[in-house]
Amino acid sequence: QTYIEGAGGGTFYTLFPQYRQYETGARFYDLAHNDYLQFVLEFGLAGTLPLAALVLAVFVLGLRSQLSRGSSLLRGLGFGASMGCMAMAIHATVDFNLQMPAYAATFMLVLALGFISFYLPGRRGG
């Protein structure tokens with residue numbers, strides 16, 4: 001399999017023994033403990049790049065909403081969404097947090113709040 005197409009979701013545990021360079025003992029590794037590595041191996045660049053573009057877009061929308069929105073609530077939502085994207089991007093380098101459904105669902109809500117902070121129509125007349 002190539003890095004463009006990936007091997008399919010949930011196949012890391014079958015791919016890892018084929019490509020490891022050092023003996024890891026009798027331990028069984030079913031996750032990479034690095035979301036970036038695992039997403040590229042399983043879904044390829046074709047599946048990983050749109051996901052990364054979405055997170056980057058929400059980060060930028062959060063920053064833009066902080067600069068352009070008049071409501072302090074929407075500016076705060078933008079700040080929270082951009083900081084949530086940054087925190088998840090840092091945390092994903094050392095852990096497999098998006099493999100856990102609770103973290104993934106919470107992150108989807110953070111992404112939605114980033115869009116809401118920028119695109120929610122403002123109040124008129126007050």
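Mentor: Helices here are DSSP runs of H or I with at least four residues, and strands are runs of E with at least two, numbered from the N terminus. Keep in mind that this is a predicted model, where local features need pLDDT of at least 70 and side-chain atom pairs count only at 80 or more, while totals for chains, interfaces and linings use all residues. Residues are numbered from 1 along each chain as its sequence is written, and side-chain values use heavy atoms, leaving out hydrogens and water.

Two packed helices are described by the angle and the distance between their axes. For H3 (residues 72-91) and H4 (residues 101-119), the axes come within 8 Å and cross at roughly 140 degrees. Axes are lines fitted to C-alpha atoms, for helices over the stretch in contact, with angles from 0 to 180 degrees between N-to-C directions. That angle makes H3 oblique to H4; under 35 degrees counts as roughly parallel, over 145 as roughly antiparallel, 65 to 115 as roughly perpendicular, and the rest as oblique.

Who touches whom? On the H3 side you'll find Leu74, Leu77, Gly78, Gly80, Ala81, Gly84, Cys85 and Met88, meeting Tyr103, Phe107, Val110, Leu111, Leu113, Gly114, Ile116 and Ser117 of H4 (contact means heavy atoms within 4.5 Å). These contact residues split into 11 nonpolar, 5 polar and no charged. Ala, Val, Leu, Ile, Met, Phe, Trp, Tyr, Cys and Pro count as nonpolar, Asp, Glu, Lys and Arg as charged, and the others, Gly among them, as polar.

Zooming out, the chain has 4 helices and 0 strands, in the pattern α-α-α-α.
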